[in-house]
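Me: I would like to understand where the words used for this model come from. Could you take me through them one at a time?

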Amino acid sequence: MTEPQNGPASPDVTQPPAATGPAASPGAPLLSVNELATGYGDLRVVWDVSFEVRPGQVTALLGRNGAGKTTTLRAIAGLNRVQGGSVLLEGRDIAGLPPHKRIRAGLGFVQENKRVFKRRTVEANLMLGGYTRSIGRKGLMKAVDEIYELFPVLRGRATTTAGQLSGGQQQMLAIGQALMGKPKLLMLDEPSSGLAPSIVSEVMGSVAALKSAGLGILLVEQAVEAAVRVADQIAVLDVGRIVMSGAASEISDLEIIQDAYFGRVRERPQ
Amino acid sequence: MDAVWSGLALGAVYALVALGYHIVFVSSNAFNFAHAQLIMLGTFIVYWGSVTLKLPIGLVFLLAAAIVGGVAVLEERTAIRIVRGTEGQLVTTLGFATLLNGATQVIWGGSPLQVPFFGSSNVLVVLGGHVFPDDLILMGVAVVLTIGFVLVSRMTVLGIALLAVSEDREAALMRGINVRALGIGAFAVSGIVAGLLGPLIGPKTFAVATLGSDLALKGFVAMAIGGFGSAPGALIGGFAVGLIESEAGRYLGASYSNLMIFAVLLGVLLLRPTGLFGHARERMV
Amino acid sequence: MLSVARRIPTWLLPLIAAVIVIAFPYLGAQSPVQRQVILICSLALLVSGLNLSLGYAGELALGQAAIYACGAYMTGYLGSHGYTDIVLQLACAIAAALVIGLVTGIPGLRLGGWALAMVSFFLVLLVPDILQLFANQTGGAQGLTGIASPSLLGKTLTPNGFYVFATTVTALWLLVLRNLVTSRHGTAFRVLRENPVLASSVGISVFRMKLSAYAIGAVPAGIAGCIFANLDQYLSPDSFGFALAVSILAASVLGGSASIYGAVVGAVILTLGPLESTSFQQYSLVVYGLLLLVGGIVLSIGIAGVLQRVWARVQRRWLPPARSAPYEGDLLPRTAGTALSVDHLVKSFGGVNALQDVSLVAQPGQVTALIGPNGSGKTTLLNLICGYYRIDGGTISVGKEQTTHRPYRIARSGVARTFQTPSIPREITVAEAVRAGRYATQRAGFVPAVLRLPSYRRARASDVEEARRVLALVGLADQENEIAASMPLGTRRLLEVARCVIARPKVLLLDEPASGLDENEVERLAGLIRKISDSGGTVVLVEHNFRLVLSVADQIYVLARGQIIAEGPPSVIEVHPEVLTEYLGVRVPEADDLLRTPSEVADND
């Protein structure tokens, strides 16, 4: 049996969300995606996508259903083959690494539809999140405890199987699970989908908290308004290409995004 | 009662085969047709170690575990890893099984070889029935291994990882689990366990090249009865097959025992395809 | 000229070979040679049966050896009780084989995969036990002796006569099989193997089709048994064991499972190869094992497929496919579309409501589009319409008839659909792939296909003609003889539409037909969709590409969280506040604002 290997060298085990402190230079991008092309088999869904995520910042990837957002995240995580372009994590091209090594290199991915292990307990799910870290059972339990502090509602349900949780709790568990791996970059795929509005703001609140703790966050959302509120950078995708991008502060006019959604400004130069 | 004991002892062997299928099925989602042949190989290695080389029993255990474990890893690399799709894997694992059958026949010949039992062979009387100590140990080992597997898979991070892989391979990858390495690991463990069982199973079944396909089928029936994907199901299914075999043999005659097992298999597949403990999966398009 | 050159080899060479082999005794072949040939025939028959289920229907069955034993003992029993007529023996052996095939196939195929492999393999293990149970009739472990020489039409067959009979029967069987797999049924088997869901969507009953393949595959095993019993006039249980089961599979893999003549090639190699010589016999299992290991890897990686593709390319290079004359005639005669109505449909998965009270109507002559975010229930709705899920509440009707939950029945009632990921079996041509769409709606049985009866020829001619029409319609007339799976994605999507159109569906469901297409291809697709609806077809379009939807749809339904939140023509949907809410995630009053005075929203923020 292969023992879990050492994860990214990170002596600090006490604060799951703080991989790269605010002290890290905000100038250097944590993740930079350049001219990415990807898809499923010979079906190319993403043609040319470039953007960056900086530590302590949120980059929101917006776009209609089927625009290629999830496909982009999957390619970054190694679940889809990168057919062209590069994916740099802290300056290192990870496009050739197998998926589990990308996770070990500091990537956290919360997939859509609250993808937790529904037949396992909440605690088992969280412990599994720390699979890549060799901190022993005690260290793991301590890390799990920290997640409970972030999402107190999970503590009371530690021995419940994840499938029995409510949608919002499953989403928190999914985020907590990804945080257990101490990522530097956290990718969230539609964390608000299917959740009641109050829960959405709670989830978005924790996204903001993680961001201020220094994590770089790549957020894919259909709820544009909520995403724009928390984002620093915005990129809008359509038919596998970036049709608009810029700092969130510059794009306060939602109509522009709306136009981008309905393909009215596809020819608009960036 | 004698027949019950002998049925349970046989059943323990089938349960151990089914458990081997189960471990590989959980980790690699593959059906290792050759697992029974690995167990058979174990009995030959034990014969070789204890009769031919006259090694002490501790070394025999080690030798069997090492060789069978190694062969299992070899199988994973040649018959599972590079082969995609159930159809192809069925053919390759059957090929590997045939290869092991053929190789043992070439090396040790076709006639059954008696494997000595390392412990006492005095018949005991338990609950009014005669039983060999070897048989009792086998039953104990089957029960302990099943419980152990269930505990390990629930309690340890590695075990949880194994179950996670079987539940959602992709999500497991996204937790940083090296799914492939885990698959190889599971094969190695199933091989090592198969080797370690050699000294226990050999004295009961003899070392003989025809053992493989018989064990493979009965182990499969055990799994079908218990339900694919359930370790306790494999254990109970194994005992059930053993009991059917010995009771049918006793009341109807030896020729009927396989026929009865076959009838039960057809019945289970027709009436309850998920087995006693299996769970149906939602059909997706 | 070229078309003649292409036609000759497919049947003439095998025919010449068969005639020569059958004539061996008159060309001076002695009895040892004859015996070898008969053994090859037996093995080839067994392998051909396995190929039908493994290579064409995609199910591994290991029970050929047991069915063979059944046929042999049936013949042996008859032969030792005075019923020496070989035709009678053959008929009984085939009947017995069919019965065993059906009895074991039904439970095994319920689970498929290893369940069938194991159930059928178990049969092999049972052979000695069953023979022992009927020891009085079978001789048990001692074997069955006293089988009288076979007779034909009241005359005892000479060894030469028996040889001619055995080889002729084998050749005839191979002809039957060839006629079967080169007919539309062969394509249907391949579709089934590639994708059972696709198969049911063109009206093929997956279970029955697999059972047919498995049961028909039992027939040659029965024939082989009959031949084998009369060859030595002695039967022993040892002849039908594990080694035989494995060697059948090895021969199949060696010759190529998805071929007819491959069975003969595999059988020749295994029978005449070094394996049978006594010095090598002990290694035979090792060699079989290696063969299966390597063969299985090749099978899965598809080297065989690669070779076939290379061969196809060579053929195209040197023997360019005949260009058919441009299709003349009406490309799209009036389509008799039928209204599809969904009433108060409810579906939940494990307590989660996927669809709640969904109602919609798709009218003939219109394109009805269905849009909505991920997880809104679009695919669930399509799958319910096609019968892949059971309905929890409400009804779905095509015209006046309510649908069932059997996908193939729904397909036969006139509902055709495309899939998000087009899946096309390897090795078949564009025209064949399109013709598969007619499998269920224009039926033609196995028997007419095997015997090439006039009814089959008529059905085939109209298949060919219709395929040309539909391919001309979608603009693929030039590619009709290309290998379909090697076409680019855009072409394969058009091919899927063509496969649906050829069935003249009452309702056509398109599941994200534009995904992965470039802009030109999207335009072509839009034109095609329009043409179909203009001719009177009922089109339901599920699509993410908003511009395509706006440009072709007559009526749009917007689905969100399992409910229809808006419906109307494109002009309404485009500016519908709730749709904006769903797509942009803003609340309804804000969406209203957004539509009227976008700048105010920004100010509020």
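Reply: Let us begin with a definition: a residue is called buried if 20 or more other C-beta atoms lie within 10 Å of its own, exposed if 12 or fewer do, and partly exposed in between, the C-beta atoms being placed from the backbone. Helices (H or I, at least four residues) and strands (E, at least two) are DSSP runs, numbered from the N terminus. The model is a predicted one, in which local features need pLDDT of at least 70 and side-chain atom pairs count only at pLDDT 80 or more, while totals for chains, interfaces and linings use all residues. Residues are numbered from 1 along each chain as its sequence is written, and chains are lettered from A, and ligands numbered from 1, in the order in which they are written.

Me: What makes helix 1 of chain A mostly covered?

Reply: Nine of the nine residues of helix 1 (residues 69–77) of chain A are buried, among them K69(A), R74(A) and A77(A), so each of these has 20 or more other C-beta atoms within 10 Å of its own.

Me: Which residue follows helix 1 of chain A?

Reply: Helix 1 of chain A is followed by G78(A), which has a positive phi, near 95°.

Me: How do you know which residues of chain B are in contact with chain C?

Reply: Two residues are in contact if their C-beta atoms, placed from the backbone, lie within 7 Å. By that rule, 38 residues of chain B are in contact with 40 residues of chain C. On the side of chain B that touches chain C, helix 4 of chain B gives the most, with 16 residues. The residues of that side divide into 21 nonpolar, 13 polar and four charged, where Ala, Val, Leu, Ile, Met, Phe, Trp, Tyr, Cys and Pro count as nonpolar, Asp, Glu, Lys and Arg as charged, and the others, Gly among them, as polar.

Me: Why are strand 3 and strand 6 of chain C said to pair?

Reply: Two strands pair if DSSP finds at least two bridges between them.

Me: What joins strand 6 of chain C to strand 7 of chain C?

Reply: Strand 6 of chain C pairs with strand 7 (residues 401–402) of chain C over two bridges, in the antiparallel sense, and S397(C) has Q402(C) in strand 7 as its bridge partner. The hairpin of these strands has two residues between them, and G399(C) takes a positive phi near 65° there.
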